[in-house]
Amino acid sequence: MRALIFDLDGTLVDTVYGHVLAWQRVLEESGFAIEGWKIHRLIGMSGGLLTKAAAHEIGRDLSEEEAEQLQQRHGVVYKELMPHRRPLPGAIDLLRHLRDTRVKYGIATSGRKQDARLSLDALELPADAAIVDRNDVERAKPEPDLFLAAQGKLGVRPEECYVVGDAVWDLLAARRAGMLGIGLLSGGYGHEELDRAGAYRVYSNPAELLSSIYQLGLRPA
């Protein structure tokens, strides 16, 4: 195995519940009263899929224009709620370790570039980091496009990649991309759920992954 591809929210930065609260407020403003736990189950999908799933919850159709307006409003509310982004325990050390040992890695997020920028900045990434966001692909998770685009940037084969994510959508997309998935509990999903979605290993957070990195059989570029 030659590379790790990371999800962002809930995997490297502690932002999942900020997204939940932002989506809940935005949806309620538009007449979609949905419990927070249901929204949490959708985090990790693209905003377009999430809004359509939320509309399905209350039995209403949503036009493409309405979905786009909701996504833009979410970006505004999310920044209000999360003006500062905090890396999860061990995230910066894990990425630094990969650089120091010359193991390739990339970040692939369903978020849009403008919404993800503060989170990426919090990770102290080098200027040449391989990053793919929703604007770079036609389809987001659970489709494999984001991970395949990151794999292409890294110059490795799909079967040489691990995908590290906190949601079942990450692991389903990894399977569709032909990659092994590693689950983290730091986004709120349970161990059993991540196992069922196809996780090869499950760790609490990036710090535990770093302490167990020898289990993954990674080799340098």
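A salt bridge is a side-chain nitrogen of Lys or Arg within 4 Å of a carboxyl oxygen of Asp or Glu. The views below show a predicted model, in which local features need pLDDT of at least 70, side-chain atom pairs count only at pLDDT 80 or more, and totals for chains, interfaces and linings use all residues. Residues are numbered from 1 along each chain as its sequence is written, and side-chain values use heavy atoms, with hydrogens and water left out.

**View 1. Salt bridge between Glu-160 and Arg-219.** The closest N and O atoms of Glu-160 and Arg-219 are 3.9 Å apart. The pair links distant parts of the chain, 59 residues apart: Glu-160 is in the loop between helix H7 (145-154) and strand S4 (161-165), and Arg-219 is in the segment after helix H10 (206-211). Helices (H or I, at least four residues) and strands (E, at least two) are DSSP runs, numbered from the N terminus. Glu-160 counts as buried because its relative accessibility is 7%, whereas Arg-219, at 46%, counts as partly exposed. Here buried means under 20% relative accessible area, exposed over 50%, and partly exposed in between (1.4 Å probe, protein chains only). Both residues belong to a network of salt bridges that also links Arg-2, Arg-157 and Glu-159.

**View 2. Salt bridge between Lys-52 and Glu-64.** The N to O distance between the two side chains is 2.6 Å. Lys-52 in helix H3 and Glu-64 in helix H4 are 12 residues apart, and the pair links distant parts of the chain. Lys-52 is partly exposed at 35% relative accessibility; Glu-64 is exposed, with a relative accessible area of 56%.

**View 3. Salt bridge between Arg-96 and Asp-93.** The closest N and O atoms are 3.0 Å apart. Arg-96 and Asp-93 are separated by about one helical turn because they are 3 residues apart in helix H5 (residues 91-100). Arg-96, at 33% relative accessibility, is partly exposed, and Asp-93 is partly exposed with a relative accessible area of 44%.

**View 4. The largest cavity.** The volume is about 290 Å³. A cavity is a set of points, on a 1 Å grid over the protein atoms alone, where a 1.4 Å probe fits but cannot get out; lining residues have an atom within 4 Å of a point. Grid points are joined across faces, edges and corners, and a volume is the space filled by probe spheres set on the points. The lining has 22 residues, with His-19, Met-45, Gly-47, Ser-110 and Gly-111 nearest the centre. Helix H1 (16-29), helix H3 (47-57) and helix H4 (64-81) each give two or more residues to this lining; H1 gives the most, with 3.

**View 5. Surroundings of Ser-110.** Ser-110 is in the loop between strand S2 (104-108) and H6. This residue counts as buried because its relative accessibility is 9%. With contact meaning heavy atoms within 4.5 Å, Ser-110 touches Gly-44, Met-45, Ser-46, Arg-134, Ala-140, Lys-141 and Leu-146, not counting residues up to four places away in sequence. A polar atom of the Ser-110 side chain lies 2.9 Å from the backbone oxygen of Gly-44.

**View 6. The second largest cavity.** The volume is about 40 Å³. Asp-9, His-19, Tyr-78, Arg-85, Thr-109, Gly-111, Asp-115, Ala-116 and Ser-119 line the second largest cavity. Helix H6 (residues 113-122) provides the largest share of this lining, 3 residues.

Notes. 1 Å grid on protein atoms, 1.4 Å probe; cavity = no way out; pocket = protein on both sides within 12 Å on 5 of 7 lines; lining within 4 Å. Polar contact = N/O pair within 3.5 Å; in protein donor to acceptor, adjacent residues only side chain to side chain.
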